[in-house]
Structure formats: C-alpha cells, structure tokens
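Subject: Structure handover

Hello,

My notes on it follow below.

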Amino acid sequence: MHVSEHILEQCLAHGMESYPEEACGFISGPREQDGLTDVHRMANLMNEYHARDPQMFTRTNRNAYMIDPLAQTRLERHLKKQGQQIKVIYHTHPDVGAYFSEKDQADALWNGEPRYPGVYYLVCGITQGKPDGVILAWFNTDTRSFDIITL
C-alpha cells in the first residue's frame, strides 16, 4: 500500500490540530484499483463515552479514539455509490510516538480475525504538537499477526 505525501500531510495536519488529543478517520480509494485518494476526518467520541460511563470507558480522547459507527456507515454508503471504499483507518498518538499498540491490535481484531479484512492501519505520532513518525500496519494472514512498516 503506497501512502502519498499528500495523504500523509492531511493525516498529520489533523493530528496537529487535535493535539493533545487523538485524531482519527479514514482514507478511501477506488474499490477495484490500488491507490488512496481522500482523507475523511471523523470525530473522536471517546470523551463522550468516558463521560457517560467512566467505569466501562476508562480512556479519553487523550489516549484513545472511537469513531461513530453511524457516521462510518454513512461514509461507506456514500463511498460505495462513487465506486470507492475505506482502505485505511488512521489515528494519532499524542506524545508517545507512532506504533501499533496492543490496544490498537486488539481493536483491529474480532475473535482473532481482522475486524475489517484488507483494511490497513496508519498511526501518526504527534509529539508536542509536531509530527513524530508514521507507521502502517496490516494483518498478515500467513503469520496471523500484524506487519508494520515505518513510512
């Protein structure tokens, strides 16, 4: 999966604007072809969930993200009409660097299988409001684990 500088700049800009909280969203591209074309910023709802039930949702926007499933469904329907699909889920890590955390891995799986087969995960580090590395992770069906490259 090639991620262009233009796409990376948009994800990093979202992260810098959201700092010191995590930013999140999707990157889409043509359904039947390679390539990424658009970044779709999504609201991080973790603070709202934490406020409603801090026992169940112990994290906040500072160290986690949650995308509204209804907003995701709407985006997927819109993209489908245009011959596009979500190809990457992105989020930022404020002040801890770019890495695919155990929580990220757990959230990407459902009963040991990819929650979104074929979808990649982009994590952008944002330290003190500035870019601090980018990684791309995807589930390797042969090794049954995530492969990670630094961009």
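Start with Ala-108, which is buried, at a relative accessible area of 1%. (Buried means under 20% relative accessible area, exposed over 50%, partly exposed in between, with a 1.4 Å probe and protein chains only.)

Some ground rules. This is a predicted model: local features need pLDDT of at least 70, side-chain atom pairs count only at pLDDT 80 or more, and totals for chains, interfaces and linings use all residues. Residues are numbered from 1 along each chain as its sequence is written, and side-chain values use heavy atoms, with hydrogens and water left out.

Ala-108 belongs to helix 4, residues 102-108. (Helices, H or I of at least four residues, and strands, E of at least two, are DSSP runs numbered from the N terminus.) Leaving aside residues up to four places away in sequence, Ala-108 touches Phe-100, Glu-113, Pro-114, Arg-115, Tyr-121 and Phe-146. (Contact means heavy atoms within 4.5 Å.)

Next, the cores. (A nonpolar core is a set of buried Ala, Val, Leu, Ile, Met, Phe, Trp, Tyr and Cys residues joined through side-chain atoms within 4.5 Å.) The largest has 18 residues; Phe-26, Ile-67, Ile-89, Phe-100, Tyr-121 and Phe-146 touch the most other members. Strand 7 gives the most to this core, with three residues. A second, separate core has 16 residues, including Leu-12 and Tyr-90.

Now the rings. (Rings of Phe, Tyr and Trp, the last by its six-membered ring, pair if their centres lie within 6.5 Å; planes under 30 degrees apart count as stacked, over 60 as edge-to-face and the rest as tilted.) The whole structure holds six aromatic pairs. In one of them, Tyr-121 and Phe-146 have ring centres 6.3 Å apart and planes at 80°, so the pair is edge-to-face. Tyr-121 is in strand 6 and Phe-146 in strand 8 (residues 145-150), 25 residues apart. Both are buried: Tyr-121 at 6%, Phe-146 at 12%. Phe-139 and Phe-146 also pair edge-to-face, at 5.4 Å centre to centre and 75° between the planes. Ring pairs join Phe-100, Tyr-121, Phe-139 and Phe-146 into a cluster.

Last, the cysteines. (A disulfide is a pair of cysteine sulfur atoms within 2.5 Å.) The count is zero. For Cys-11, the nearest cysteine sulfur is that of Cys-124, 5.3 Å away.

Best wishes
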